[in-house]
Amino acid sequence: MNVALFIPCYIDQFYPRVGIATLELLEKLGCNVSFPMAQTCCGQPLANSGHEDDAVDAYLHFVETFSTYDYIVAPSGSCSYHVRKHYDILEQTKSVQHVRSKTLDLPEFLVDILEVEKLDASFHGRVGLHHSCHGLRGLRLGSDSERVVPAFSKIRFLLSLVEGIEIVEADRRDECCGFGGTYAVHEHALSVKMGQDRIEGFTSKEVEFITAGDMSCLMHLEGIIKREKSPVEIIHIAEILNHRN
Amino acid sequence: MNHARRSEAFLDDRVKADWHDQAIWFVRQKRDHETHGIPEWEELRELGSQIKSHTLSRLDHYLEIFEKNARKHGVHVHWASTAEKHNEIILDILKRNTIRHVVKSKSMLTEECRLNPYLESNGIEIIDTDLGERIIQLRGETPSHIVLPAIHLKKEEVGELFSEKLGTEAGANDPTYLTEAARIHLRSKFLEAGAAITGVNFAVADSGAVVVCTNEGNADMGVHAAPVQIHSMGIEKVIPRTEDLGVFTRLLARSATGQPVTIFNAHYLKPKPGGEMHVIIVDNGRSEHLGRKHFRNGLKCIRCGACLNTCPVYRRSGGHSYNSTIAGPIGSVLTPGFDLEKHSDLPFASTLCGSCSDVCPVKIDLHEQLYRWRQIISKQSSYSKSKKMIMRLAGNVLANPKRMHLAGKFARRMIGLLPRGLIYLPANKWGAGREMPEPPARTFKQWYRDNRMKYGQKDNS
């Protein structure tokens, strides 16, 4: 199985440790992982701002870069969702269809494809689990609080395989953190307010860490945490799943 | 002023904003409690969605059946292509019957048509009889929520208003006391009204009945007391059969207020002896909306307000921040269809979290429609030229590894080098309430090149 690692642009630039953890984790689980150096961005920031036409070249570049791999795995539900859902405006060639159907978010790949049932990982800490919206409602990585379906969460399942971890859910289990891509800047006051509320939902339960499947949510929350000098730390799920005390 | 600015102003009063958020979240929780008690909830949603889709695809057919059956019972059926026509028809009915006093039960359609100011300017007194509606009418405001029109007001504010307008004791804000005062006040209005106007939740084609769902019983009191009854409905309110109704009443009550059933579900079938019954079927842009492929299923909406209650943006910005008859996610997908230029900010008033689509009892793909509107808005001639250019440029960068590398390097350097004062200028909206991420020494790509680059792998970055 030929797996390509897709590291979203902002993770590449600001959170290389998340990329490294993802790569190491996949290697530990026996995958033959390649990182195509020509990769750029899935185009989501442009499209969510209403400029999907300008993003088409980025889409085509993404397809060209990844079309020869069996799976494309990314540690970001939002980017994976974008490729799967919004590349529908491209001509649906074989390559496009392949890339769209084989781009998976890390938890899906681990649970559905690798069928991971145990992990050699340990993490000692009280961790608040934020359910990033695009992963939760877009990719259905778990059941959300709106729908009446049997409760499940692929991310929670994976975290439960980590020795020593204490997982905590916020009172409003799956409310949005307020990031929303360019929304964070476009309606910055409201975006920050949502983030503050989200953090409060976790700190009121005395968590030491906040984790999520989407680093972008965490980047937004981290910005607020640092501004307000809150003691809580952010950590991506890949870092926990790859961690050994 | 756009939604971003209005929401910022709303948030200025943090205590009230938090109260607003929590009050509405409470309704969302009640909804969760009720829906999670129905194991077949998702099936019910699917059924509701399909019945609506089917009906919308044969709207003319069902409307004509409805009209035929309603006429059989002596109902006057009118067709209004626009809001103005709708208002004129009502004025005409009132004039013919020399009616000067009218009571009205909650109807978002008559809000849309601006019926109240129209009738008032023609010398007719029109009184909203739902408690929430009456409160905002006395304040000269519009509803901030389609089901809970006065949810933006605290009981203290209502106490103050009633003290001034209805003569209640100054400083009194006990809800029971205030409600009683409103009842007494409204009772006299019911008795003097010559006509009662209501909205319509469902128009049933096979029976010709219009169904109105209320909790306060005010629609019924108005209709039963007044000789003339007028029901205004949008063309999308028709459903094929009486037996379909159960699907919607179950969905509506639970989604709207977390009740297993709405208290009054009145079926109005025919005029009372000696009275008149009118139904006005209004288009006002709906046919055009039906022609919009990506947006037509917004017309499936049954106006439960669940998408407002669940929306993290709505709860923290208040209904008036949308500057539209209908606020929240459903307002943001329907209103741009009426006036795209005026309401082009609304599709951007969302993080696209998708909660609205999942809470919707008739499965409207609200967040996808918000995304679609954005694509259309950016192509408008009024859209910022510089923004267009920046986006085109960004598109060029994102499609090219070399340019992307340079842009990333530049950004990371800038954050690393610039003094704090220059990074956190007012133009940096990210930095208004957040720190910038700290640029690490190496990007992932650099790390990979140094540590993992495979023998023979092409470095085409």
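Buried area here is the accessible area, taken with a 1.4 Å probe, that two parts lose on being put together, summed over both. The views below show a predicted model, in which local features need pLDDT of at least 70 and side-chain atom pairs count only at pLDDT 80 or more, while totals for chains, interfaces and linings use all residues. Residues are numbered from 1 along each chain as its sequence is written, chains are lettered from A and ligands numbered from 1 in the order in which they are written, and side-chain values use heavy atoms, with hydrogens and water left out.

**View 1. The interface of chain A and chain B.** Together the two chains bury about 6900 Å², and 57% of that area is on carbon and sulfur atoms. On the chain A side, A:M37, A:V148 and A:R227 lose the most area to chain B, together 12% of what that side buries. In terms of contact (heavy atoms within 4.5 Å), 79 residues take part from chain A and 88 residues from chain B. The size of an interface is often given as the accessible area lost when the parts come together.

View 2. Between the two chains, 43 residue pairs are in polar contact, both residues at pLDDT 80 or more. Helix α11 (residues 188-203) of chain A gives nine residues, the largest share of the side of chain A that touches chain B. Helices (H or I, at least four residues) and strands (E, at least two) are DSSP runs, numbered from the N terminus. That side of chain A divides into 34 nonpolar, 24 polar and 21 charged residues, where Ala, Val, Leu, Ile, Met, Phe, Trp, Tyr, Cys and Pro count as nonpolar, Asp, Glu, Lys and Arg as charged, and the others, Gly among them, as polar.

View 3. Rings of Phe, Tyr and Trp (its six-membered ring) pair if their centres lie within 6.5 Å; planes under 30 degrees apart count as stacked, over 60 as edge-to-face and the rest as tilted. Over all chains, the search finds 15 aromatic pairs. A:F62 and A:F66 make a tilted one, 4.6 Å centre to centre with 45° between the planes. Both sit in helix α4 (residues 52-66) of chain A, four residues apart, about one turn of the helix. An α-helix has 3.6 residues a turn, so residues three or four places apart point the same way. Both A:F62 and A:F66 are buried, the classes being buried under 20% relative accessible area, exposed over 50% and partly exposed in between (1.4 Å probe, protein chains only). With A:F6, A:Y59 and A:Y87, these two residues form one aromatic cluster.

**View 4. A stacked pair in chain B.** The rings of B:F295 and B:W373 have centres 4.0 Å apart and planes at 15°, so the pair is stacked. B:F295 lies in the loop between α13 (286-290) and α14 (306-310) of chain B and B:W373 in helix α18 (residues 366-377) of chain B, so the pair ties together parts that are 78 residues apart in sequence. B:F295 is buried, at 3% relative accessibility, and B:W373 is buried with a relative accessible area of 3%.

View 5. B:R372 lies in helix α18 of chain B and is buried, with a relative accessible area of 14%. Leaving aside residues up to four places away in sequence, B:R372 touches A:E52, A:D88, A:I89, B:H294 and B:F295. B:K379 is found in the loop between α18 and α19 (385-398) of chain B, and is partly exposed at 48% relative accessibility. A polar atom of the B:K379 side chain lies 3.1 Å from the backbone oxygen of B:Q375.

Definitions and conventions
Polar contact = N/O pair within 3.5 Å; in protein donor to acceptor, adjacent residues only side chain to side chain.
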